[in-house]
Amino acid sequence: MTDQTPILTIESVEKSFGTTAVLQGVSVTLHEGEVVALLGASGSGKTTLLRVAGGLERPDAGRITIGSSVVFDASSAVDIPAEGRNLGFVFQSYALWPHMTVAANVGYGLRLRGASAADREARVLAVLERLGLGALGNRYPHQLSGGQQQRVALARAVVYEPPIVLLDEPLSNLDANLREEARAWLRELIVTLRLSALFVTHDQVEALAIADRVVLLNRGIVEQVGTPESLYGDPKSLFAATFLGSNNVFLVMLDPTSKQADGTAMVSCGPHRIRSTLQSNSGATPASTAAIRVERVSVNPDLNVGPDWTSLSLQLRTSLYMGERWEHVFDLNGHAFRAWGTRRLEPGRHSVHLPVEGVWVF
Ligand SMILES: Nc1ncnc2c1ncn2[C@@H]1O[C@H](COP(=O)(O)OP(=O)(O)O)[C@@H](O)[C@H]1O
Ligand SMILES: [Mg+2]
């Protein structure tokens with residue numbers, strides 16, 4: 001599917017606005033045919049990084065290479081403007097021209113590039129067909145639904161077959177139902193068109209679902225890069241762990257003498273002793289923070305727990321019915337500790353089971 005040829009390389013990019021350092025030495029590589037998500041909270045620098053890659057914003061330092069061409073190098077004053085970088089852009093706002101038809105919006109970039117009228121018409125028609133917009137070429141943007149406008153914005157970005165598309169929160173203006181459908185549609189489209197895509201989102205599920213790799217940004221610094229599975233299943237910092245999923249986070253004391261060669265150790269939380277896994281750079285001090293994804297906590301009384309599990313007897317505080325599951329809230333040393341289950345629980349104490357590989361210590 002993807003090979004390992006870099007098509008876009010961003011190296012050690014820095015960007016400040018006034019005294020605010022927005023990008024603090026960011027490096028990201030996009031390979032041919034790959035979909036990379038830039039994931040981060042609002043204000044973490046995602047849009048700035050995308051604009052820097054596209055030549056819409058000038059970084060203070062760093063180097064950007066597209067294919068084999070250096071398009072920006074702060075040390076040698078190379079700075080190819082946006083139109084020379086041959087990238088497709090999809091902005092959060094769609095930015096369609098309201099006075100132009102769908103076909104004219106989509107063909108605009110081809111016109112700028114000097115394509116003949118006949119060539120333009122054929123290519124616009126082909127891309128509209130491909131995106132399921134074949135019948136809408138003569139409509140104006142205000143005559144389209146949000147989902148259709150979003151497709152037009154994408155059609156406009158891909159019509160001249162740029163090797164790379166940059167997408168800034170392309171689904172965030174869609175309502176929740178449409179958005180979930182659009183994930184599958186967008187992923188399928190990027191893959192069938194064999195595009196390389198760098199897309200920005202603050203939505204963790206969107207990033208995990210659509211991307212081959214995820215770059216997690218934390219205030220202008222790359223916190224972790226990896227496949228969706230590795231980021232979700234093996235976070236290297238407390239920030240990365242808690243940015244994704246639903247978690248129980250609690251303070252623990254690490255018993256330094258209990259560290260095993262396999263990276264596991266015992267921690268205590270009040271009267272409880274818990275088998276846990278030390279994540280990178282963790283366990284430097286006895287006072288640590290532990291996290292476990294809520295779905296990894298089990299309250300199944302029939303569970304056959306082996307030596308790799310810790311079983312705690314915890315008081316049930318309350319239970320919430322969530323439709324497809326129950327959420328049970330227990331008391332762990334005075335703090336709420338959540339678990340999901342498929343049935344109602346009686347009031348009182350219950351055995352709560354934690355797998356050692358699911359309890360991460362940072
Ligand atoms: N043109 C600008 N002038 C001043 N500050 C800016 C400008 N663009 C972005 N910023 C600031 O940079 C930070 C990151 O913004 P942005 O890249 O848009 O983040 P994100 O897309 O992750 O929400 C924010 O604090 C924002 O206010
Ligand atoms: Mg943004």
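**Notebook: a helix, a ligand shell and a core**

I began just after helix α2, where G114 takes a positive phi of about 80°. Helices (H or I, at least four residues) and strands (E, at least two) are DSSP runs, numbered from the N terminus. I noted that this is a predicted model, in which local features need pLDDT of at least 70, side-chain atom pairs count only at pLDDT 80 or more, and totals for chains, interfaces and linings use all residues. Residues are numbered from 1 along each chain as its sequence is written, while chains are lettered from A and ligands numbered from 1 in the order in which they are written.

I then looked up α2 itself (residues 102-112), whose buried residues are V102, A103, N105, V106, G107 and L110. Buried means that 20 or more other C-beta atoms, placed from the backbone, lie within 10 Å of the residue's own. The cover over these residues includes α3 (117-130) and α4 (146-158).

Of its 90 residues, A37, A155, V165 and L198 touch the most other members. Helix α4 gives the most to this core, with six residues.

Lastly, I turned to ligand 1, whose shell (C-beta atoms, placed from the backbone, within 6 Å of it) includes F17, G45 and K46. Helix α1 gives the most to this shell, with three residues.

Notes: Buried ≥ 20, exposed ≤ 12 C-beta atoms within 10 Å, placed from the backbone. Contact = placed C-beta atoms within 7 Å. Core = buried A, V, L, I, M, F, W, Y, C linked by C-beta atoms within 7 Å.
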